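The following exercises ask for a reading of a two-chain model, each with a worked solution.

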There are 2 protein chains.
Amino acid sequence: MNELRTICEDGDAAHPSVLILDQTRLPAQTAFVRLTNLEQAAHAIRVMQVRGAPLIGATAAYGVALALSEGIALEQAIDVLAATRPTAVNLRWALERMRRVLEKSAVATRHDRAWQEARAIAREDAEANAAIGRHGLPRLQAVGRRPVQAMTHCNAGWLATVAHGTAIAPIYAAHDAGVAVHVWVSETRPRNQGLLTAWELAHAGIPHTLIADNAAGLLIMQGKVDLVIVGADRIAANGDTANKVGTYLKALAARAHDIPFYVAAPVSTIDFACPNGGAIPIEERDGAEFGDKVSRGDTPVANPAFDVTPAQLITGIITEQGVFPAAGLAAIKR
Amino acid sequence: MNELRTICEDGDAAHPSVLILDQTRLPAQTAFVRLTNLEQAAHAIRVMQVRGAPLIGATAAYGVALALSEGIALEQAIDVLAATRPTAVNLRWALERMRRVLEKSAVATRHDRAWQEARAIAREDAEANAAIGRHGLPRLQAVGRRPVQAMTHCNAGWLATVAHGTAIAPIYAAHDAGVAVHVWVSETRPRNQGLLTAWELAHAGIPHTLIADNAAGLLIMQGKVDLVIVGADRIAANGDTANKVGTYLKALAARAHDIPFYVAAPVSTIDFACPNGGAIPIEERDGAEFGDKVSRGDTPVANPAFDVTPAQLITGIITEQGVFPAAGLAAIKR
């Protein structure tokens with residue numbers, strides 16, 4: 001199993017800090033950034049130095065701990081961090097967990113408790129993702145051909161989490177189990193997170209091919225894909241799933257050609273308070289993400305970062321508790 | 001009506017030449033290239049200085065004329081030009097038309113006849129596209145809201161033809177008729193031809209918004225699109241349509257949300273000898289089209305340039321003879 005980490009504690013009791021892999025520099029450079037205060041943690045989430053719903057949650061938890069180390073009030077820290085990204089539910093989930101635990105703590109121990117809880121959130125994410133890998137593995141083993149032809153979108157590998165990844169966790173598990181897999185990696189415009197997935201897979205020695213997002217329909221029509229597996233930024237109670245924009249188009253193509261479409265995510269990604277996809281806010285990001293060619297001109301740009309895949313297009317949701325039908329999330333232990 | 005031309009004759013009887021707008025320089029620069037021989041014409045098609053099925057056909061016809069001016073044999077010229085791009089049927093169609101006409105010509109008049117026929121192909125393309133605009137206009141007028149929200153893919157505007165465009169011709173016609181239209185312009189990775197469409201629309205004063213290809217499904221789901229209209233590189237006899245890769249995903253989304261999906265193309269784009277989409281060759285282009293970020297690394301890339309939209313997803317095919325159901329192309333006069 002891939003043991004690489006995107007985030008880890010650094011510094012000491014007197015000068016606590018958190019080290020993150022700066023994903024805006026990948027794949028060209030492997031560079032780390034040291035977070036020493038609330039504002040740096042919020043900035044890292046906002047500009048996507050850390051990205052991927054689970055990693056955003058863990059970073060936000062450490063952001064609360066850093067804020068308390070600075071002497072900033074808990075509520076203020078939560079407000080600043082909650083405002084960084086609107087769609088990923090793990091952000092809210094991690095902040096609510098920190099609030100719940102810390103409100104119960106005596107003021108004298110609150111600071112230590114914050115670091116302890118952030119550490120627990122990070123550790124549990126890594127464990128949950130390893131379990132997602134184990135639960136997803138049989139779905140890849142069940143495919144008749146070798147290599148299994150998997151397609152993914154965006155990056156839901158270890159880079160999007162504390163460790164192991166979500167959508168890519170079953171692929172790592174298959175690779176470890178000796179099941180040959182080839183991954184079709186979608187470029188994922190406008191931010192090209194597919195390059196991160198390609199980088200991850202190359203480092204792990206897993207065969208893969210980068211494609212334009214536009215090519216997904218053709219490849220599925222041509223029978224070159226056995227299953228699609230993606231991560232999630234928020235799953236509504238009815239199973240509708242928000243994930244990186246473009247996911248929905250892949251789900252439509254998978255359904256048109258009757259291949260499985262899986263969502264892999266920890267239970268913390270499920271927002272039981274959100275009834276359906278229509279209630280999920282969709283983050284609109286800056287048009288500058290399209291790159292110089294576009295942003296230099298005066299072309300008007302719309303840049304929604306996520307879309308919603310209806311539950312009925314999802315074959316199964318792979319969690320650390322097992323694989324659930326999208327319409328059957330109520331069975332999950334919260 | 002927009003009267004701008006992508007290709008026009010230049011030079012004189014002693015030194016005949018053809019001037020083309022170099023589309024690889026757009027939108028940053030408006031630069032022209034003078035074609036004076038067969039090899040330059042073939043190169044222009046191959047590297048996509050000219051692009052779009054109808055314009056490729058006209059350029060190939062002029063390529064034959066240039067070859068005869070050089071003293072190159074007709075068959076050799078046709079072989080060189082036919083090898084430039086595999087998917088666009090207009091290329092083959094224009095070359096077959098040149099062959100048919102020139103084989104009947106006396107050797108003494110063949111050279112003049114070639115220029116005459118290339119000129120006719122170019123003129124007829126402009127006329128056909130103007131007619132496509134007229135026939136498509138009522139489909140936009142029939143939409144209840146203003147501005148009409150149209151979505152297109154790639155560039156099928158005047159830049160893809162000799163003049164007027166195919167998919168964009170009805171939009172120009174609507175604009176001329178005072179029907180307010182807003183166009184969602186898909187970036188069209190990996191070559192970003194959406195930037196050409198945005199450039200065209202900006203010059204024509206037609207409101208538009210550039211989006212990532214990935215955003216098409218979300219916008220359609222959100223009810224922000226009234227109809228999708230695209231061009232075609234080859235239409236099979238059964239109505240299956242090859243167009244720029246990514247078209248199929250938009251057709252799936254249009255069907256999922258029950259909005260019309262139109263293909264606009266001259267009759268010359270219909271390959272009555274091709275029974276269905278499965279028989280259309282799909283051009284695989286170089287991975288370098290993804291740009292420096294990808295091609296600098298050693299990431300394996302697949303880059304199919306077209307996909308096939310099944311006839312049953314197409315609401316109508318808008319031609320210069322009128323709008324036909326995709327399953328009803330046999331009614332068209334060849």
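**Exercise 1. Polar contacts and salt bridges**

How many residue pairs are in polar contact between chain B and chain A?

Solution. The model is predicted, and side-chain atom pairs count only at pLDDT 80 or more.
- Step 1. Between chain B and chain A, 14 residue pairs are in polar contact, with both residues at pLDDT 80 or more.
- Step 2. On the side of chain B that touches chain A, at least two residues each come from α7 (194-204), β6 (208-211), α8 (216-221), α9 (247-256), α10 (292-295) and β12 (306-309).
- Step 3. The largest share of that side comes from α9(B), with 5 residues.
- Step 4. Sorted by class, the side of chain B that touches chain A holds 27 nonpolar, 11 polar and 5 charged residues.
- Step 5. The salt bridges between chain B and chain A number 2. A salt bridge joins the side chains of Glu187(A) and Arg189(B), at 2.3 Å from N to O.

**Exercise 2. Extent of the contact**

State how many residues each chain gives to the contact, and what area is buried between chain B and chain A.

Solution. 
- Step 1. Chain A contributes 43 residues to the contact, and chain B contributes 43 residues.
- Step 2. About 3,400 Å² is buried between the two chains, and carbon and sulfur atoms give 70% of this area.
- Step 3. Of the area that chain B buries against chain A, 21% is supplied by Asn214(B), Leu218(B) and Leu249(B), more than by any other three residues.

**Exercise 3. Relation of the two chains**

Determine which rotation and shift superpose chain B on chain A.

Solution. 
- Step 1. Chain B is superposed on chain A by a rotation of 180 degrees, with 0.0 Å of shift along the axis and an RMSD of 0.0 Å.
- Step 2. This is therefore the relation of a two-fold axis.
- Step 3. Both copies use the same surface, as 100% of the contact residues of chain B recur in chain A.

**Exercise 4. Strand pairing around β9(A)**

Solution. 
- Step 1. β8(A) and β9(A) make a hairpin with 4 residues between them. In its turn, Gly239(A) has a positive phi of about 95 degrees.

Definitions and conventions. Residues numbered from 1 in each chain as written. Chains lettered and ligands numbered in written order. Heavy atoms only, no water. Contact = heavy atoms within 4.5 Å. Buried area = accessible area lost by both parts, 1.4 Å probe. Salt bridge = Lys/Arg side-chain N within 4 Å of Asp/Glu carboxyl O. Polar contact = N/O pair within 3.5 Å; in protein donor to acceptor, adjacent residues only side chain to side chain. Nonpolar A, V, L, I, M, F, W, Y, C, P; charged D, E, K, R; others polar. Least-squares fit on C-alpha atoms with pLDDT ≥ 70 in both. Pairing = 2+ DSSP bridges.
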